Amino acid sequence: MSFSFDCPHRIGSRHDPHAQTREARQQELLLHSMSVYRELFELVFEHRRITTTVEIGVESGRGSAMYAELGASDVYCVEPEPSDELRSYMGEQDALHLVERPSPEALDTIPIADLYIVDGDHNYAVVRRELDWILNNAPDAVIVLHDVLWPCARRDLYYEPSSVRPAERHPASADGPTVWHDELTPAGLVGLGAFRTAKHAGGERNGVITAVEDALEQAPDDRWHCVLVPAVFGLGLLVRRTDTSAENLVEALRPYGRSRLLAAMENNRIALYTRVLQLQYEAAGRAVDADRLAEEIARASNEKQNLATALDEAVAESEALRRQNRLLRQQLDDLANRTVANRIRARFRGTSPGRFAISAEDSPS
Ligand SMILES: C[S@@+](CC[C@H](N)C(=O)[O-])C[C@H]1O[C@@H](n2cnc3c(N)ncnc32)[C@H](O)[C@@H]1O
């Protein structure tokens with residue numbers, strides 16, 4: 001072939017037409033880890049010297065490994081509730097240091113970093129305190145925030161509501177948001193016990209992007225570049241306008257931030273995903289209905305069986321009674337016949353032939 005597509009992605013061939021769908025099948029249904037932004041982090045590491053990284057909110061550790069691969073010599077992974085798998089995984093990686101405390105309190109206990117990844121508790125109070133801490137203590141760091149778009153942009157989410165003072169907390173619910181209407185719904189993006197969501201969106205001190213706006217508004221320095229990439233719940237990048245490395249990084253990220261294509265795909269993704277959630281919820285409801293119906297059918301068929309047995313017994317009993325009735329009639333007839341015959345015989349006894357007659361009392365009744 002004299003040409004090839006300038007495309008690093010798997011597109012398949014005439015002989016392997018399913019290569020793309022194979023890859024699609026391998027992806028999780030809802031992308032949400034920072035590791036999907038790898039190419040953006042490659043640009044961050046290319047343009048800035050980053051040795052120490054702090055990752056707030058770790059979950060599986062997929063992001064943590066990526067920062068180490070891209071060149072961070074020390075990654076402090078702040079996760080108050082690590083799983084056993086995460087603990088043992090972190091124990092095997094020299095560059096990764098698990099910090100089992102909640103942020104922002106944990107930030108005071110670890111070294112100042114060149115890169116902060118803010119992806120922990122996605123609510124105004126916590127993100128605001130994290131940003132205030134970083135802007136004051138590490139103003140030259142690059143700050144990357146996740147979930148700066150729907151659903152957390154203007155609506156708090158609480159992994160640990162008790163870590164937020166009641167006055168700073170919005171009334172929250174186990175129900176989740178959906179693209180299809182503005183209220184929370186049990187058929188929406190629910191936390192299944194892992195987190196709760198503010199009942200109302202908008203207003204003051206609500207949501208991640210609101211926290212970013214207020215923190216920058218009140219930051220000691222007002223020279224900040226802010227990039228927002230509209231993909232996978234939204235990635236925000238903040239870097240102080242100090243030198244050309246910051247300018248160059250922002251320039252490199254600009255095509256992503258301004259991409260109408262990415263924004264359209266993200267809107268489509270959240271619309272489709274929340275539609276899937278709604279269908280799953282309805283299907284689960286129908287399954288419960290079907291179970292209930294099956295139980296009712298089983299009960300009714302049991303009752304029908306009991307009634308059929310009772311009917312059979314009643315028929316058999318009535319048949320037995322009829323037989324007994326016939327027998328009694330037979331016996332009665334025999335008895336009557338015998339009585340008449342006896343009377344006739346008695347009358348004949350001592351009576352000359354031709355002189356007998358049967359009176360009315362001799363005939364069987
Ligand atoms: C969305 S997940 C993080 C995903 C991860 N950054 C990735 O890219 O794969 C959010 C995590 O933040 C953790 N978390 C919740 N509150 C936190 C806090 N105050 N400080 C640090 N982590 C927190 C949760 O336990 C959860 O594992």
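1. Tyr-158 stands opposite Arg-196 of strand 8. Strand 6 and strand 8 (residues 196-198) are joined in the antiparallel sense by two bridges; strands are said to pair if DSSP finds at least two bridges between them. Helices (H or I, at least four residues) and strands (E, at least two) are DSSP runs, numbered from the N terminus. These strands belong to an open sheet of three strands, in the order 6-8-7, with antiparallel pairing. Its edges are strand 6 (157-158) and strand 7 (172-173), each of which pairs on one side only.

2. On the basis of the description: this is a predicted model, in which local features need pLDDT of at least 70 and side-chain atom pairs count only at pLDDT 80 or more, while totals for chains, interfaces and linings use all residues. Residues are numbered from 1 along each chain as its sequence is written.

3. Strand 1 (residues 52-56) is largely enclosed by the rest of the structure, because four of its five residues are buried. A residue counts as buried if 20 or more other C-beta atoms lie within 10 Å of its own, as exposed if 12 or fewer do, and as partly exposed in between, with C-beta atoms placed from the backbone. Strand 1 runs parallel to strand 2 (residues 74-78), and five bridges join the two. The chain passes from strand 1 through helix 3 (residues 62-69) to strand 2 in a right-handed β-α-β crossover.

4. In strand 4, Tyr-116 is the bridge partner of Val-54, and Ile-117 is that of Glu-55. Leu-115 and Ile-117 point one way from strand 4, Tyr-116 and Val-118 point the other way, and all are buried.

5. Strand 4 is in turn joined to strand 5 by four bridges, and the two run parallel. Leu-115 has Val-142 as its bridge partner in strand 5. Strand 4, helix 5 and strand 5 make a right-handed β-α-β unit.

6. The largest nonpolar core holds 67 residues, of which Cys-77, Tyr-116, Ile-143, Val-148 and Val-208 touch the most other members. Helix 5 (residues 124-137) supplies the largest share of this core, seven residues. Such a core is a set of buried Ala, Val, Leu, Ile, Met, Phe, Trp, Tyr and Cys residues joined through C-beta atoms within 7 Å. In soluble globular proteins, nonpolar side chains tend to be buried together. Not counting residues up to four places away in sequence, Val-148 touches Ala-153, Val-208, Ile-209, Val-212, Leu-228, Gly-234, Leu-235 and Gly-236; two residues are in contact if their C-beta atoms, placed from the backbone, lie within 7 Å.

7. Helix 6 (residues 208-217) has as its buried residues Val-208, Ile-209, Thr-210, Ala-211, Val-212 and Ala-215. These buried residues pack against helix 5, strand 5 (142-146) and strand 10 (235-240).

8. The ligand is surrounded by 23 residues, the closest being Ser-33, Met-34, Gly-57, Gly-63 and Gly-120. A residue is near a molecule or strand if its C-beta atom, placed from the backbone, lies within 6 Å of it. The shell divides into eight nonpolar, eight polar and seven charged residues. In this division Ala, Val, Leu, Ile, Met, Phe, Trp, Tyr, Cys and Pro count as nonpolar, Asp, Glu, Lys and Arg as charged, and the others, Gly among them, as polar.

9. Ala-283, in helix 8 (residues 260-348), is exposed, with 10 other C-beta atoms within 10 Å. Although Ala-283 and Gly-120 are 163 residues apart along the chain, the separation of their C-alpha atoms can be stated directly: 32 Å.

10. The peptide bond from Ser-103 to Pro-104 is cis, with omega near 5°, and Pro-104 is found in the loop between strand 3 (96-99) and strand 4. The bond from Trp-150 to Pro-151 is likewise cis, with omega near 10°; Pro-151 is found in the loop between strand 5 and strand 6. Glu-59, which is not a glycine, has a positive phi of about 55°. Glu-59 lies in the loop between strand 1 and helix 3 and counts as buried, with 20 C-beta neighbours inside 10 Å.

Notes: A crossover is right-handed if, with the strands pointing away from the viewer, the path from the first strand over the helix to the second runs clockwise.
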